[in-house]
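This report looks at side-chain pairing in one protein chain. Please keep the sequence and the model at hand while reading.

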Amino acid sequence: MFAHPDGREYWLQVVDCRVYESWRGADRRGGGNTAIRADDDDARAHARAKVKDLFRRGFVEGAAEPGLAFDLAADVVAAFHADLDAAGRRRHDYQPVAGRPHVCAHRNASVAEWLVTSDDRRRGVALRSSVARAALPEDQRQAMATALLDVLALERAAIFADDRTPVRTIELTAPIGRFTRLVVLAPVVENATTCRDVNIADHTLGRSIYRAFPAFACEVTARDSVAIAEARCRGTGAIPWSRWDRTPHPVFDLAYVKRPGAAPVFLVHAPTELPRRLGAPALAKLREAEVRVRNYRGDVRTFVRGDAPDLAELRAWLGDG
């Protein structure tokens, strides 16, 4: 915790590759932010820079306070059941599924959810399907869920044995719907919380819950870091992974290189941005020396000012189609 003589307060915590910060002004109003960095070392460097800036602005370091904490011994089902809405109802009312040991399910008007747990219920893999406005009939969604739960039952021990690999891809022996693989995000990527108030977030489950979803081969890669995996699966332009009637959402990583020969820094972009980023009008106005695009195979193409790529062919190269 850091305090300023004028009454402002600031809190900072580093957890793995995330930097959590919150603040409160002299008027007692405040806010917060979470920055996810490339890796743990980068997060610590980012936090050190924040602290240096605080000292420059007149803040002084105060007493350490308890921060976000993970309870790896917590019963994950009980933890979800303790998460209540304003009316006192469970947000995730997971109940055992008949005939499926270690599987609980919950459903409301928006989503159907399943939780595959370890024998001691200290770990869980969450699976979700959108229900509202879904194009797939109920019987098809249920058939897909049955097949996906069968895969998770077979892979359960291997998944729980590895909580550090950010992205695990499991090739399906036969397609499930249109999907050819099952993606499993590590707990450090899922970073599960049960409290909706970002200022008092409950991270009890933050390192206990994995996320599984059916996917196309072109959507994620096993080489993705925590930061890249989160960018692919969270926020604006991310894979709509709970939609089981969706079309492919291919990897579309771009690096704008200012000088020829400079090392590229690839950032995740939504594939819907392809025309705006790589269409002829955009490349005619390119300010950088070049722009490079990378697909899920790790293949890279380079474009310079004035290029006019065939966008349909480029979509196919990305894997969309």
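The text below covers salt bridges, aromatic pairs and the surroundings of one arginine.

The model is predicted, so local features need pLDDT of at least 70 and side-chain atom pairs count only at pLDDT 80 or more, while totals for chains, interfaces and linings use all residues. Residues are numbered from 1 along each chain as its sequence is written, and side-chain values use heavy atoms, with hydrogens and water left out.

## Salt bridges

Side chains of opposite charge can pair when their charged atoms come close. A salt bridge here is a side-chain nitrogen of Lys or Arg within 4 Å of a carboxyl oxygen of Asp or Glu. The structure holds 33 salt bridges. Among them are the following.

| Asp27 | Arg29 | 3.1 Å |

Accessibility is given as relative accessible area: buried is under 20%, exposed is over 50%, and partly exposed lies in between (1.4 Å probe, protein chains only). Helices (H or I, at least four residues) and strands (E, at least two) are DSSP runs, numbered from the N terminus.

Asp75 is partly exposed at 27%, as is Arg121 at 31%.

Asp150 belongs to helix H3 (residues 138-160) and Arg100 to the loop between strand S6 (95-96) and strand S7 (103-107), so the pair ties together parts that are 50 residues apart in sequence. Asp150 is partly exposed at 37%, and Arg100 is partly exposed at 21%.

A network of salt bridges links Asp224, Arg232, Asp253 and Arg294. The charged end of Arg294 also sits over the ring of Phe266, 4.2 Å from its centre; this requires NZ of Lys or CZ of Arg within 6 Å of the ring centre and within 35 degrees of the ring normal.

## Aromatic pairs

Rings of Phe, Tyr and Trp (its six-membered ring) pair if their centres lie within 6.5 Å; planes under 30 degrees apart count as stacked, over 60 as edge-to-face and the rest as tilted. By this rule there are seven aromatic pairs. The rings of Phe2 and Tyr10 have centres 6.4 Å apart and planes at 55°, so the pair is tilted. Phe2 is buried at 7%, and Tyr10 is buried at 7%. Ring pairs link Phe2, Tyr10 and Phe55 into a cluster.

For Phe160 and Tyr210 the centres are 5.6 Å apart and the planes at 65°, so the pair is edge-to-face. Phe160 in helix H3 and Tyr210 in strand S12 (residues 209-215) are 50 residues apart, and the pair links distant parts of the chain. Phe160 is buried at 18%, and Tyr210 is buried at 2%.

## Arg156

Arg156 is placed in helix H3 and is buried at 17%. Its side chain is joined to that of Asp119 by a polar contact of 3.0 Å. A polar contact is a pair of N or O atoms within 3.5 Å; within protein, one must be able to donate a hydrogen and the other to accept it, and residues adjacent in sequence count only if both atoms are side-chain atoms. Leaving aside neighbours within four places in sequence, Arg156 is in contact (heavy atoms within 4.5 Å) with His102, Val116, Thr117, Ser118 and Asp119.
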